[in-house]
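Here is a short tour to read with the model open beside you. Take the topics in any order you like.

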Amino acid sequence: MLSNGVVAPPVPGQPLSGPALLAFFKTDCPACHLALRYLDSLSRSLGSGDHVVGVSQDEPASTDKLMRSLGADLPLRFDRDLEASAGFGLEAVPALFLLDRSGRVLASSQGFDKADLNRLGGELARLLEVPDPELARTGDGNPDFQPGCVSRHLEPESEATAAEIPDLYSRRAGRASRIDLPTEADAEEWCYESGYADPLPVVPPTVERVERMLAESGLNPDEVVAHVPPNFGAASAEKIAANAVMAGCRPEYMRVIVPAIRALCDERLDIHGVQGTTHFAAPLAIVNGPVRLELGFACGSNVFSNAARANSTIGRAFQLILRNLGGAAPGRIDMSTMGNPGRFSFVIGENEEVSPWGPLSEDFGIEAGRNAVTFFCAEPPRPVSEHKAREPKVLLRAICPVLANLWSYRVCKRSEAVVVIGPEHAATLDRGGFTKRDVVGFLFENTGVPVSEYDGDGGEGTHEAGFYDECVIRGVRCYRKFRRPESIRVMVAGGPAGKFSAVLGSWATGPRGSQMVSYQFA
Amino acid sequence: MSLTVVNPLDERPLPEGSAPPRLTSVGGARIALLDISKGGGEVFLDRVDALLRERYGVSEVLRFRKPTFAKPAPEAVLTDIRKAQPHAVIEALAD
């Protein structure tokens with residue numbers, strides 16, 4: 001970059017008359033697009049004369065197209081051979097140079113920076129003896145700062161350019177921008193139109209609401225909790241708080257949301273794959289520990305539906321964060337064939353108070369009585385009804401065929417399952433002396449697909465039958481459905497009346513797919 | 001009175017990148033096929049492989065495979081492809 005006080009080399013075209021602000025840009029640079037909007041309004045405010053001049057590093061056709069899309073008509077020059085770009089010592093664009101009447105550099109700036117724009121615009125106005133235009137305000141909907149792109153003359157020789165590698169590791173992020181809504185705007189409609197929301201209304205994330213949410217988290221606003229796949233947007237405390245506000249969360253829910261976002265982005269869960277799959281899977285969060293009662297999580301009746309604010313809004317916050325920071329919105333990256341109602345919200349509490357067994361989180365090494373959130377990427381729940389069984393084995397026999405149908409009936413050794421035992425069923429199992437281990441063992445041993453189903457029709461699961469494990473269930477030769485007993489997890493939830501349970505199947509499992517993760521928190 | 005809201009979106013600019021120019025012809029070229037490990041992928045790719053050689057005069061078809069469709073290609077697979085220096089890579093989806 002030319003230093004201040006140096007006489008600038010000639011610009012393409014006619015010599016400039018009088019003080020001028022030169023702006024080098026290229027058409028495929030997002031920071032240039034931002035800068036040009038402000039420079040155009042500066043040019044308009046100064047009236048006639050070439051006082052604000054754009055210098056394009058591209059052809060007139062593509063430059064004109066950009067100007068039309070921006071609605072801009074500031075005076076232009078074309079640096080076709082990129083000699084001026086090299087002569088001005090550009091590294092990045094947009095690059096601004098304020099020149100005095102004699103062509104001497106008075107000030108300069110690279111990249112998009114509102115403070116620089118205001119400073120250079122102000123100095124130009126003083127030179128022209130006109131009022132200082134307030135050019136770029138914080139909170140006008142555009143970021144305060146955005147790094148530029150490499151100047152065209154320094155681009156590598158290759159005809160292809162690699163996209164920037166995603167930032168996976170930074171612990172600090174830029175602050176979220178503040179946006180002043182137009183006074184006549186309906187805030188809810190504005191959020192919806194700005195692409196902030198799923199199709200339901202949101203609570204506008206006003207500065208005051210977000211600050212209340214942040215205060216509960218005890219985190220700095222720019223502290224990064226996780227990078228959300230697949231786009232790896234930074235989930236800073238402030239961004240999490242803004243999305244939690246929109247979802248309708250109370251500030252105290254942040255104690256669950258923050259550790260849950262860490263868990264959700266744990267590589268073992270592979271939310272990256274789940275967000276892009278055509279399958280039904282959606283991340284189900286299961287909450288254990290005293291926090292369930294303290295924050296009012298539904299663990300009983302309607303546990304999978306719309307019974308409690310904590311479940312519904314925290315689950316929705318997860319989904320908004322995945323969408324707004326991870327980039328997986330339906331129709332773009334999320335191309336699920338059928339979807340899953342759990343993509344609105346999918347959070348349940350375990351009904352530990354009526355469970356005869358230890359909590360689910362104990363399966364993952366977390367001491368009973370501790371708060372924990374466990375994620376399982378799940379299909380929608382499949383119902384089990386068994387109102388007659390008085391013995392554990394009779395009851396569990398009603399669950400086995402539902403388990404056998406997971407993924408696809410004849411596919412074995414691929415799925416995992418969470419079996420949510422209803423309280424009445426749990427009582428039957430407990431009366432019969434069945435421990436959780438007994439339940440899992442029985443389900444594993446008695447869930448299979450008859451070998452006779454594999455009759456050479458070429459359907460899904462039949463080609464891999466040679467790898468399946470054979471067993472005999474009630475006198476019938478079968479292939480065992482599950483790889484191992486640990487493929488089945490058992491927990492208790494639901495209301496006091498009704499002899500129902502639910503079975504949830506998985507997405508792709510194991511180290512090459514999604515593995516359940518459980519995180520303890522205070 | 002106007003409300004001020006906190007932007008809840010990822011505000012980073014989209015990373016820029018561009019594909020290399022398309023080959024004008026695949027005759028005599030070395031083409032890599034990346035199988036993403038979806039079920040039935042090899043059936044589809046075997047046919048693509050044969051068509052590229054028989055119908056389009058591709059001199060060599062190189063086959064690569066991701067260990068799982070559920071995750072991005074690991075660096076080792078990408079390195080193997082780069083080392084083979086194909087003229088073009090077809091990321092071959094199948095289901």
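Two residues count as being in contact here if their C-beta atoms, placed from the backbone, lie within 7 Å. By that test, 43 residues of chain A and 24 residues of chain B make up the contact between the two chains. Please keep in mind that this is a predicted model. Chain A itself is divided into domain 1 (20–154), domain 2 (171–379 + 515–522) and domain 3 (382–505).

**Where chain A meets chain B**

- On the side of chain A that touches chain B, the elements giving two or more residues are α1 (30–46), β10 (178–180), α6 (207–217), α7 (237–247) and α9 (271–276) of chain A.
- Of these, α7(A) provides the largest share, with five residues.
- Sorted by class, this side of chain A has 20 nonpolar, 14 polar and nine charged residues.
- Strands take part as well: β10(A) pairs with strand β1 (residues 4–6) of chain B in the antiparallel sense, over three bridges.
- Which residue of β1(B) is the bridge partner of Asp180(A)? The partner is Thr4(B).

**Domain layout**

- Taken over C-alpha atoms, the centres of domain 1 and domain 2 of chain A are separated by 41 Å.

**The five-stranded sheet of chain A**

- Five strands of chain A form an open sheet with mixed pairing, in the order β3-β2-β1-β5-β6.
- β3 (76–78) and β6 (105–110) of chain A are at the edges and have a single partner strand each, so one side of each is left without a neighbour in the sheet.
- From one strand to the next, the twist of this sheet averages 20°.
- At one end of the order, strand β5 (residues 95–99) of chain A pairs with β6(A) in the antiparallel sense, over five bridges.
- Within that pairing, Leu99(A) stands opposite Val105(A) of β6(A).
- α1(A) lies across β1 (20–25) and β2 (52–56) of chain A, and runs at about 150° to β2(A).

**The three-stranded sheet of chain A**

- Another open sheet has three strands in the order β18-β20-β19 (chain A), and its pairing is antiparallel.
- The edges are β18 (448–450) and β19 (470–473) of chain A; each has a single partner strand, so one side of each is left without a neighbour in the sheet.
- Here the twist averages 50° from one strand to the next.
- Three bridges join β18(A) to strand β20 (residues 476–480) of chain A in the antiparallel sense, and Pro450(A) stands opposite Cys478(A) in β20(A).

**Helix α7(A) against α11(A)**

- What angle do the axes of α7(A) and helix α11 (residues 309–324) of chain A make where they cross? They cross at roughly 130° and come within 8 Å.
- The two helices are therefore oblique to each other, and α7(A) passes α11(A) in a right-handed crossing.
- From α7(A), Ile240(A), Asn243(A), Ala244(A), Met246(A) and Ala247(A) meet a set of α11(A) residues that includes Thr313(A), Arg316(A), Ala317(A) and Leu320(A).
- By class, this contact has seven nonpolar, three polar and one charged residues.

**Helix α12(A) against α14(A)**

- The axes of helix α12 (residues 392–404) and helix α14 (residues 436–446) of chain A come within 9 Å, crossing at roughly 50°.
- α12(A) and α14(A) are therefore oblique to each other, and the crossing of α12(A) past α14(A) is right-handed.
- On the α14(A) side, the residues are Val439(A), Phe442(A), Leu443(A) and Asn446(A); those they meet in α12(A) include Lys393(A), Leu396(A), Arg397(A) and Ile399(A).
- This contact has seven nonpolar, one polar and two charged residues.

**Backbone details in the loops**

- The peptide bond from Val93(A) to Pro94(A) is cis, with omega near 0°; Pro94(A) lies in the loop between β4 (92–93) and β5 of chain A.
- Pro229(A) and Pro230(A) are also joined by a cis peptide bond, with omega about 0°. Pro230(A) is in the loop between β11 (224–228) and β12 (233–236) of chain A.
- Where is Arg474(A) found? Arg474(A) is in the loop between β19 and β20 of chain A, and its phi is near 50°, a positive value in a residue other than glycine.

Note on methods: Residues are numbered from 1 along each chain as its sequence is written. Chains are lettered from A and ligands numbered from 1 in the order in which they are written. This is a predicted model: local features need pLDDT of at least 70, side-chain atom pairs count only at pLDDT 80 or more; totals for chains, interfaces and linings use all residues. Helices (H or I, at least four residues) and strands (E, at least two) are DSSP runs, numbered from the N terminus. Ala, Val, Leu, Ile, Met, Phe, Trp, Tyr, Cys and Pro count as nonpolar, Asp, Glu, Lys and Arg as charged, and the others, Gly among them, as polar. Two strands pair if DSSP finds at least two bridges between them. Axes are lines fitted to C-alpha atoms, for helices over the stretch in contact, and angles run from 0 to 180 degrees between N-to-C directions. Angles under 35 degrees count as roughly parallel, over 145 as roughly antiparallel, 65 to 115 as roughly perpendicular and the rest as oblique. A crossing is left-handed if the near helix is turned anticlockwise from the far one by less than a right angle, and right-handed if clockwise. Domain bounds come from an automatic or database domain assignment.
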